[in-house]
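Please have a look at the chain on the screen.

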Amino acid sequence: MEKTRTRIKICGLSRIEDIVVANELLPDYIGFVFWERSKRNVTKLEAAELKRNLDKRIKAVGVFVDAEIDYIADLINCGIIDVAQLHGSESETYIKKLRDRLANEAGSAPCRIIKAFNVNQMTSFEEAENSSADYIMLDSGKGTGITHDWSRLKGLSRPYFLAGGLDPENVSEAVKSLNPFAVDVSSGVETDGVKDASKMRAFVKNVSER
């Protein structure tokens, strides 16, 4: 089967400096984390300023953990995010309520939904395969920076975002062996907890060269 281009998402951007580098590299997606327990958490006002400076060709993803649906809808309707990534215990009912809320609001912007699943807590991928989200993400937790057993994913039929412990050194092998729809990185392109421009450049280069 012919391999398709793997998309790139760089998550956890929180500074204007990060946006400047993203605009240079043009990943398909960047992520803003809206979860107070994360060191990468940003407020609505902070994210709005970052989005204003973001190249229009890049989709902004909001990362949430069991957030109020009204909060997500507000960020979408304000144009601060284009995609909602659900990284908690959100159910199919929750996803339907979010879609219904957006559909029922006049002028609401179209929004894609990513549902993240922790591979280390799954005995099978049936729930992920059957998710009504537009995309699924296979991760090893909430920003743990730890890889999981990639060999388990080789039988998966649904396209997915691969996350968890990716960095410039291992992403080439991940793309080569799995051909995921997208790769997602955060701590893997940081130094001392801050986004590192040289690592961001190396990550994008190593994905693009596959």
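Which exposed residues does the face of H2 turned away from its buried side carry? They are Leu45 and Arg52. Exposed means over 50% relative accessible area, buried under 20%, and partly exposed in between, with a 1.4 Å probe and protein chains only.

Before going on: this is a predicted model, where local features need pLDDT of at least 70, side-chain atom pairs count only at pLDDT 80 or more, and totals for chains, interfaces and linings use all residues. Residues are numbered from 1 along each chain as its sequence is written, and side-chain values use heavy atoms, with hydrogens and water left out.

Back to H2, residues 44-52: Ala47, Ala48, Leu50 and Lys51 are buried there. Down the axis of H2 these buried residues fall within an arc of 165 degrees, so they line one face of the helix. The arc is taken from the directions from the helix axis to the C-beta atoms. Their cover includes helix H1 (16-25), strand S2 (29-33) and strand S3 (59-64). Helices (H or I, at least four residues) and strands (E, at least two) are DSSP runs, numbered from the N terminus.

Now the loop between H1 and S2, where Pro27 lies. Pro27 is buried, at a relative accessible area of 3%. Leaving out residues up to four places away in sequence, Pro27 touches Ile8, Ile10, Ala22 and Ile58; contact means heavy atoms within 4.5 Å. Ile10 is 17 residues from Pro27 along the chain, and their C-alpha atoms are separated by 7.1 Å.
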